[in-house]
Amino acid sequence: MKTKPNKSTINNSVSQFLSIKNTFELAELLNVEHTSFVDIIRNASYKEFSIPKAKGGKRTIEAPNEHLLIVQKQLNNYLQAVYYKIKPVEAYGFIQSIKDELHTHSIITNAQNHIGKKQVLNIDLSNFFHSIAATKVRALFQKYPFEFSDDIATCIALICCWNKRLPMGAPTSPVVSNLICIGLDKQLITIAKTHNLVYTRYADDLTFSSDSIIADETIEQIKNVIAINEFLINQRKFRLQSNYRQQTVTGIKVNTKANVDRRYIRNIRAMLHDINLNGLEKATQKHLKAIQVDEKLMGAFLSKLTGKINFVGQVRGKDDLIYNKLKQEIKMNQTLSVIQDI
């Protein structure tokens, strides 16, 4: 398990990163010999493949080659440290966890800001990573707080970008997108404060909520700021939700308290029911849509189911009756699985 950095480590990383003067120092900081560093950038390549989306359809992933991936992971640590120092409190997604930090960042804590509001406005940005051009990434590293030379800024942009944009699959893309969005966040925070709204952003999910009606003029201001920052709104996921209907934020119900959708609970119960009725092997085959099932895949299915149940506990609380009942059932099934293997 990766050790969480503390604030001292963060400060040290920021100081080291912002003090680099040339690409030789950048390569050294990223633990790569300069000749190899140049070669990795020149021969950057990505493998494309598709994975299913949670709600249907497919998402194309662009995975960097092995050597580039190592460099990106090193760079990501420094970029995360810088972002941690300058991020707005309204940002919740793709943020590094810090040891002994009270303010955590997750889809749950993001949603909790909007509990019990009269109206909730959800805005999803289309093609989030791909809409961020390499030229914008390069410009990012030439400005405060980086203020790097043209050579360093270009070098970092080449490490982070593919096909002249942020790729979906590089470990650096999430934090770079957050850094790019600092200007957007500041402008939307100003609108929110002016109109007594609560604003948060989790990656490409923007949420505004209010104890009163959100005026059409305010919504237009929000749209204009998004357009000025060169992002597009996914119209299919643009929702203004009033409190007499179900309100959700990043998949969490927020009408009166943080809660999971009842369909999520039903899905867990269906999985457990299949295990009890048909056995673990057939349940794994059905819910993972697998042709052949082995012990590893059955273990993965149980892990997935356990994760879903743990999520219910995180949202509803560890004392929740539904969570504890589901937890007991999965424990029984895990015990039976072990007994059957003996």
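This is a predicted model: local features need pLDDT of at least 70, side-chain atom pairs count only at pLDDT 80 or more; totals for chains, interfaces and linings use all residues.
Strand E4 and strand E5, which covers residues 205-210, pair in the antiparallel sense over five bridges.

Which strands make up the open sheet, and in what order? Four strands form it, in the order E4-E5-E3-E6, and the pairing is antiparallel. Strand E4 (198-202) and strand E6 (239-242) stand at the edges; each has a single partner strand, so one side of each is left without a neighbour in the sheet. From one strand to the next, the twist averages 15°.

Let me turn to strand E3. E3 is joined to E5 by six bridges, the two strands running antiparallel. Four bridges join E3 to E6, again with an antiparallel run. Valine 120 illustrates both pairings: it stands opposite serine 209 in E5, and opposite glutamine 241 in E6.

Is strand E3 enclosed or open to the outside? Six of the six residues of E3 (residues 119-124) are buried, so the strand is largely enclosed by the rest of the structure. Gln119, Leu121 and Ile123 point one way from E3, while Val120, Asn122 and Asp124 point the other way, and all are buried.

In strand E6 we find arginine 239. The relative accessibility of arginine 239 is 37%, and therefore it counts as partly exposed. Beyond its neighbours within four places in sequence, arginine 239 is in contact with Val120, Leu121, Asn122 and Thr248. Arginine 239 and isoleucine 123 are 116 residues apart in sequence, and their C-alpha atoms are 6.8 Å apart in space.

We move now from the strands to the helices. Helix H9 lies across E4 and E5, and runs at about 155° to E4. Helix H8 is mostly covered, with eight of its eight residues buried. Those residues are Ser173, Pro174, Val175, Val176, Ser177, Asn178, Leu179 and Ile180. What do the buried residues of H8 pack against? They pack against H4, H6, helix H7 (150-160), H9 and E4.

Glutamine 96 is placed in the loop between helix H4 (66-86) and helix H5 (107-112). With a relative accessibility of 16%, glutamine 96 counts as buried. Leaving out residues up to four places away in sequence, glutamine 96 touches Pro5, Ile10, Gln80, Ala81 and Tyr84.

In the loop between H6 and H7 lies proline 145. A cis peptide bond, with omega about 5°, joins tyrosine 144 to proline 145.

Where do we find positive phi values in residues other than glycine? One is at lysine 164, where phi is near 65°; another is at threonine 250, where phi is near 45°. Lysine 164 belongs to the loop between H7 and H8, whereas threonine 250 sits in the loop between strand E7 (248-249) and strand E8 (252-253). Are these two residues buried or exposed? Lysine 164 is exposed, because its relative accessible area is 73% and the cut-off for exposed is over 50%. Threonine 250 is buried, because its relative accessible area is 18% and buried means under 20%.

I close with the chain as a whole. Its secondary structure comes to 14 helices and eight strands. The C-alpha atoms fill a box of roughly 65 × 55 × 40 Å, taken along the principal axes. Of the 342 residues, 46% count as buried. Finally, among contacts with a separation of 6 or more, residues 24 or more positions apart account for 67%.

How values were computed
Residues are numbered from 1 along each chain as its sequence is written. Side-chain values use heavy atoms; hydrogens and water are left out. Buried means under 20% relative accessible area, exposed over 50%, partly exposed in between (1.4 Å probe, protein chains only). Contact means heavy atoms within 4.5 Å. Two strands pair if DSSP finds at least two bridges between them. Axes are lines fitted to C-alpha atoms, for helices over the stretch in contact, and angles run from 0 to 180 degrees between N-to-C directions.
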